[in-house]
Amino acid sequence: MPPIVTPIILGLLVLVIIFILVRCIRIVQQSRAYIIERLGAYHATWNVGLHFKIPFIERVAKVVSLKEQVADFQPQPVITKDNVTMQIDTVIYFQITDPMLYTYGIERPIVAIENLSATTLRNIIGDLDLDQCLTSRDVINTKMRSILDEATDPWGIKVHRVELKNILPPKDIQNAMEKQMKAERERREAILRAEGEKRAAILEAEGEKESAILRADAMKQQQILEAEGQAEAILKVQTATAEGIRLINEAAPSEAVVKLKALEAFSAAANGKATKIIIPSEIQGLAGLASGVLESVKSDEPAK
């Protein structure tokens, strides 16, 4: 019996030793770090790769993620410079840069960051009024990131970004702000409408002005053309008259013909409508001569 028990015990012992050795082999994944303690004291930080831990002497105290992490905190009540209480919640993006400091630097580091961000936010908002808080998010984010990054450096934490996720003023303040924004939009609408009407009136007046100028220019051109036509007609009449006179002069008419033509001209001028005609003496003589000729002709007719 004893000889049989001994090999079994040895075999079990060997299996236990192999199991312990296998358990002491650790593979560290990417973006992770293992904090190793030896006999209760910090010994080393294991990074990516294969590592062996001494059984019963060394232990993995903490597994730390080296990825960038996000901490979304609950809304914090803060009071502005003009005594307005608001609820502001923040989001912090941080990364562990020193696993050893993160493990041994402070207890519950995430809770510490949350409390630190709340106190920092209260200090910054306390120096600003409500309007500045609503319009200066970038300034607040930058100040908080700088303060938190400096405060968390001894903890092995690097704060990359801090964002104000939401700012919630009291309900009455929100209603007042909505009314103010509505009034501002209505004011802008009225200004735009007035500017549009003004522009339309200006365009209409300019159109009427241009139309009046065009009409006046057209009338001017018409009068110029009419005057040019009348002048051309007068010129042609004068030219024809001059040509007639020239032809008469070239024909050298006798005095009797001239006087007869003058008599015809006066008859045409009277046209049966004139009540009084003044006849020059030359034409009167011609008329007497014509009447004498007619009487002599009549006196000769019976003799024939």
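**Close-up views of a predicted protein model**

**View 1. The span of residues 6-25.** The end C-alpha atoms of residues 6-25 lie 29 Å apart, and the span is 90% helix and 5% strand. Helices (H or I, at least four residues) and strands (E, at least two) are DSSP runs, numbered from the N terminus. An unreviewed UniProt entry lists residues 6-25 as "transmembrane region"; UniProt positions follow the numbering used here, feature names are shortened, and annotations may be inferred rather than shown by experiment. The model is predicted, and local features need pLDDT of at least 70, side-chain atom pairs count only at pLDDT 80 or more, and totals for chains, interfaces and linings use all residues. Residues are numbered from 1 along each chain as its sequence is written, and side-chain values use heavy atoms, with hydrogens and water left out.

**View 2. The protein as a whole.** The protein contains 8 helices and 9 strands. Of its 304 residues, 20% count as buried, a term for under 20% relative accessible area, with exposed meaning over 50% and partly exposed in between (1.4 Å probe, protein chains only). Among the contacts (heavy atoms within 4.5 Å) with a separation of 6 or more, 61% join residues 24 or more positions apart.

**View 3. T120 in helix α3.** T120 belongs to helix α3, which comprises residues 109-125. The residue counts as buried because its relative accessibility is 4%. A polar atom of the T120 side chain lies 2.7 Å from the backbone oxygen of L116. When neighbours within four places in sequence are left aside, T120 is in contact with M144, I147 and L148.

View 4. Two strands pair if DSSP finds at least two bridges between them. Strand β2 (residues 32-38) is joined to β3 by 5 bridges, and the two run antiparallel. Within this pairing, I36 stands opposite A44 in β3. Strands of a sheet pair through backbone hydrogen bonds, either parallel or antiparallel.

**View 5. D138 in helix α5.** D138 is located in helix α5, formed by residues 137-152. With 62% relative accessibility, D138 counts as exposed. D138 and E163 are separated by 25 residues in sequence, and their C-alpha atoms are 8.4 Å apart in space.

How values were computed:
A polar contact is a pair of N or O atoms within 3.5 Å; within protein, one must be able to donate a hydrogen and the other to accept it, and residues adjacent in sequence count only if both atoms are side-chain atoms.
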